[in-house]
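I hope they are handy while you have the coordinates open.

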Amino acid sequence: MSVLSEELRQKILAYVPRYPNKQAVTLPALHIVQDALRCVPLEAIREIADLLDLSPAEVHDTMSFYGFFRDEKQPLGKTRLWVCRSLACGLRGAEELLDTVCKKLNVQPGGTSADGKITVEFAECIGACEGAPAVLIDDEARMNVTPDKVDALLDELRQ
Ligand code: FES
């Protein structure tokens, strides 16, 4: 049975006309699959390769080049919470913020809470330095997230 639904396959194929060749669609395809499945399973690598007329090794090479993608052994939680630890955020308590988030969720950076709802990661500058310390909630930046705001933030993300 196919890992990629017809909807996901069509989403990936819709990128083909926008790129100079099918190989260039590998990265968008990996994003589409990970967004939907919260990881890129081995079978999905084969199916992406089939769709794009590539070998599975070529798709896997692209996937493993970026630390962004997860395989089925380490799927993402429902929300991916990135805590910025670059200079501006670091000067305004990012390490303490990351520690607080990890302790409250009982995970190490990169880990996912036991309820499967939140994966915590550290990030380099997310472009929200004026609101340091800042986090990314999937694609959305949130500024001035001090440790005293962590409980409210995690409650929001658990809903
Ligand atoms: S250093 Fe954290 S957003 Fe730029």
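**Notes on the model**

1. Let me begin with a loop: Pro133 sits in the loop between β2 and β3. For background, most peptide bonds are trans. Please keep in mind throughout that this is a predicted model.

2. Now for the overall layout. The protein is divided into domain 1, covering 6-65, and domain 2, covering 79-158. Taken over C-alpha atoms, the centres of domain 1 and domain 2 are separated by 29 Å.

3. Helix α2 takes in residues 26-37 and helix α4 residues 56-65; they pack with their axes 10 Å apart, at an angle of about 70°. Angles of 65 to 115 degrees count as roughly perpendicular, and α2 and α4 are therefore roughly perpendicular to each other. On the α2 side of the contact are Thr26, Leu27 and Leu30, which meet Val59, Thr62 and Met63 of α4. Sorted by class, the residues of this contact are 4 nonpolar and 2 polar, with no charged ones.

4. Staying in that part of the chain, Lys22 belongs to the loop between α1 (6-13) and α2. Is Lys22 buried or exposed, or something in between? It has 16 other C-beta atoms within 10 Å, so Lys22 is partly exposed. Not counting residues up to four places away in sequence, Lys22 touches Val16, Leu52 and Asp53. As for His60, it lies 38 residues from Lys22 in sequence, and their C-alpha atoms are 15 Å apart in space.

5. Turning to the sheet, there are 4 strands in the order β2-β1-β3-β4; the sheet is open and its pairing is mixed. β2 and β4 (140-142) are the edge strands, each pairing on one side only. From one strand to the next, the twist averages 25°.

6. Strand β1 deserves a point of its own.

7. What are the partners of β1? With strand β2 (residues 118-123), β1 runs parallel, joined by 6 bridges. In that pairing, Cys84 stands opposite Ala123 of β2. With strand β3 (residues 135-137), β1 pairs in the antiparallel sense over 3 bridges, and here Leu81 stands opposite Ile137 of β3.

8. Helix α6, made of residues 94-105, lies across β1 and β2 and runs at about 150° to β1.

9. Leaving aside neighbours within four places in sequence, Pro147 is in contact with Gly93, Glu96, Leu97 and Thr100. Pro147 and Glu96 are 51 residues apart along the chain, yet their C-alpha atoms are separated by 7.0 Å. With 15 C-beta neighbours inside 10 Å, Pro147 counts as partly exposed.

10. Finally, two backbone angles to check. Most residues other than glycine have a negative phi. Asn106, in the loop between α6 and β2, has a positive phi of about 60°. Asn106 has 9 other C-beta atoms within 10 Å and is therefore exposed. Asn144, in the loop between β4 and α7, also has a positive phi, near 55°. With 13 other C-beta atoms within 10 Å, Asn144 is partly exposed.

Methods:
Residues are numbered from 1 along each chain as its sequence is written. This is a predicted model: local features need pLDDT of at least 70, side-chain atom pairs count only at pLDDT 80 or more; totals for chains, interfaces and linings use all residues. Two strands pair if DSSP finds at least two bridges between them. Helices (H or I, at least four residues) and strands (E, at least two) are DSSP runs, numbered from the N terminus. Domain bounds come from an automatic or database domain assignment. Axes are lines fitted to C-alpha atoms, for helices over the stretch in contact, and angles run from 0 to 180 degrees between N-to-C directions. Angles under 35 degrees count as roughly parallel, over 145 as roughly antiparallel, 65 to 115 as roughly perpendicular and the rest as oblique. Two residues are in contact if their C-beta atoms, placed from the backbone, lie within 7 Å. Ala, Val, Leu, Ile, Met, Phe, Trp, Tyr, Cys and Pro count as nonpolar, Asp, Glu, Lys and Arg as charged, and the others, Gly among them, as polar. A residue is buried if 20 or more other C-beta atoms lie within 10 Å of its own, exposed if 12 or fewer, and partly exposed in between; C-beta atoms are placed from the backbone.
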